[in-house]
Amino acid sequence: MDEDRRREDEWFQKNERQLLESARLARQKREQERAAREKTAELQRLKALHLMRCPKCGHAMQEEELQGVKVDRCSHCEGIYFDAGELDQVLMKKEEARKGFFKKLVKI
Ligand SMILES: [Zn+2]
């Protein structure tokens with residue numbers, strides 16, 4: 001009789017541990033899904049807030065094309081932004097073309 005009771009207790013304890021572990025894993029999965037959703041929503045919010053906005057003053061950036069290279073110039077503070085790879089394009093130009101590019105970049 002005692003043996004039966006002991007086995008029963010063991011079974012309940014084991015079952016309880018499995019239920020708690022399942023609940024913990026399910027909670028962890030929900031937390032990860034929630035974090036992923038928040039991250040995506042946060043990234044979308046940040047992109048909508050900053051896209052084509054000057055990183056220094058927040059005014060609208062205007063795209064200009066100089067010698068085949070697109071640069072973004074701030075409509076307010078005149079700061080200039082190069083997208084990834086655009087500065088490389090300028091640096092790969094021959095010296096005379098590069099000088100010409102920078103002269104055109106300076107507005108008089
Ligand atoms: Zn600006």
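## Cysteines

Searching the whole structure for disulfides (pairs of cysteine sulfur atoms within 2.5 Å) turns up zero of them. This is a predicted model, where local features need pLDDT of at least 70 and side-chain atom pairs count only at pLDDT 80 or more, while totals for chains, interfaces and linings use all residues. Residues are numbered from 1 along each chain as its sequence is written, and side-chain values use heavy atoms, with hydrogens and water left out.

What about Cys54, buried or exposed? With a relative accessible area of 7%, Cys54 is buried. Cys74 counts as buried too, at 2% relative accessibility. Here buried means under 20% relative accessible area, exposed means over 50%, and partly exposed is in between, using a 1.4 Å probe and protein chains only.

Now for the charged pairs. How many salt bridges does a search of the whole structure find? The search comes back with 10. To count as a salt bridge, a side-chain nitrogen of Lys or Arg has to be within 4 Å of a carboxyl oxygen of Asp or Glu.

Take Asp9 and Arg5, whose side chains meet in a salt bridge at 3.8 Å, N to O. These two are four residues apart in helix H1, so about one helical turn separates Asp9 and Arg5. Arg5 is exposed at 54% relative accessibility, whereas Asp9 is partly exposed, with a relative accessible area of 37%. Helix H1 covers residues 2–50; helices (H or I, at least four residues) and strands (E, at least two) are DSSP runs, numbered from the N terminus.

Arg24 and Glu21 make another pair, with a salt bridge of 2.9 Å, N to O. Both lie in helix H1, three residues apart, which is about one turn of the helix. Arg24 counts as partly exposed at 36% relative accessibility, and Glu21 is partly exposed with a relative accessible area of 35%.

Lys99 forms a salt bridge with Glu95, and their closest N and O atoms are 3.6 Å apart. Lys99 and Glu95 are four residues apart in helix H3, so about one helical turn lies between them. Glu95 is partly exposed, with a relative accessible area of 47%, and Lys99 counts as partly exposed at 42%. Some salt bridges share partners, and these join Glu3, Arg6, Arg7 and Glu10 into one network.

## Patches on the surface

Which residues form a positive surface patch? They are Arg27, Arg30, Arg34 and Arg37. Patches are made of residues with over 30% relative accessible area and no salt bridge, with like charges joined within 9 Å and nonpolar side chains (Val, Leu, Ile, Met, Phe, Trp, Tyr) joined within 5 Å. For the charges, Lys and Arg count as positive and Asp and Glu as negative, while His and the chain ends are not counted. The place of a charge is taken as NZ of Lys, CZ of Arg, CG of Asp or CD of Glu. Arg34 sits in helix H1 and is partly exposed, with a relative accessible area of 39%.

There is a nonpolar surface patch too, of about 250 Å², made by Leu87, Leu91 and Phe102. Accessible areas come from the Shrake-Rupley method with a 1.4 Å probe, and for residues only the protein chains shown count as cover. Phe102 belongs to helix H3 (residues 95–105), and its relative accessible area of 34% makes it partly exposed.

How far apart are the C-alpha atoms of Leu87 and Gln18? They are separated by 58 Å, and the two residues are 69 residues apart along the chain. Gln18 is in helix H1 and is partly exposed, with a relative accessible area of 44%.

## Two loop residues with positive phi

Most residues other than glycine have a negative phi. Gln67 is not a glycine, yet has a positive phi of about 50°. You'll find Gln67 in the loop between strand S1 (61–66) and strand S2 (69–74), partly exposed at a relative accessible area of 30%.

Glu78 is another residue other than glycine with a positive phi, here near 65°. Look for Glu78 in the loop between S2 and strand S3 (80–81). At 48% relative accessibility, Glu78 counts as partly exposed.
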